[in-house]
Amino acid sequence: MDSKPRLTDVMKSVIAALFGVQSQQNRERDFGHDSPAAYIITGVVMIGIFVAALLALVSVLT
């Protein structure tokens with residue numbers, strides 16, 4: 001594929017992958033790009049936000 005994925009497409013793909021519900025068509029589209037950097041960076045940031053939210057929730061409840 002010649003075009004780069006849009007940020008919203010990357011975020012949707014990362015969220016679907018984190019929940020384990022990524023479709024085969026989307027997976028093939030995602031792996032059709034030359035560089036996985038956008039997906040890796042987005043995944044790391046989203047996991048960081050998730051962990052920070054859990055830590056904040058635990059600190060508020062205790």
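I first looked up the largest pocket, and found its lining to be Ser 13, Val 14, Ala 17, Gln 22, Arg 27, Asp 30, Phe 31, His 33, Ser 35, Pro 36 and Tyr 39; a pocket here is an open set of points on a 1 Å grid over the protein atoms alone where a 1.4 Å probe fits, with protein on both sides within 12 Å along at least five of seven lines, and lining residues have an atom within 4 Å of a point.

I note that this is a predicted model, in which local features need pLDDT of at least 70 and side-chain atom pairs pLDDT 80 or more, while totals for chains, interfaces and linings use all residues. Residues are numbered from 1 along each chain as its sequence is written, and side-chain values use heavy atoms, without hydrogens and water.

For the volume of the largest pocket I noted about 240 Å³, taken as the space filled by probe spheres set on the points.

I then turned to helix 1 (residues 7–19) and helix 3 (residues 37–61), whose axes come within 9 Å and cross at roughly 60 degrees, the axes being lines fitted to C-alpha atoms over the stretch in contact, with angles from 0 to 180 degrees between N-to-C directions.

For their contact (heavy atoms within 4.5 Å), I listed Val 10, Met 11, Ser 13, Val 14, Ile 15 and Leu 18 in helix 1 against Ala 38, Tyr 39, Thr 42, Gly 43, Met 46 and Ile 47 in helix 3.

Key:
Helix = DSSP H or I, 4+ residues; strand = E, 2+ residues; numbered from the N terminus.
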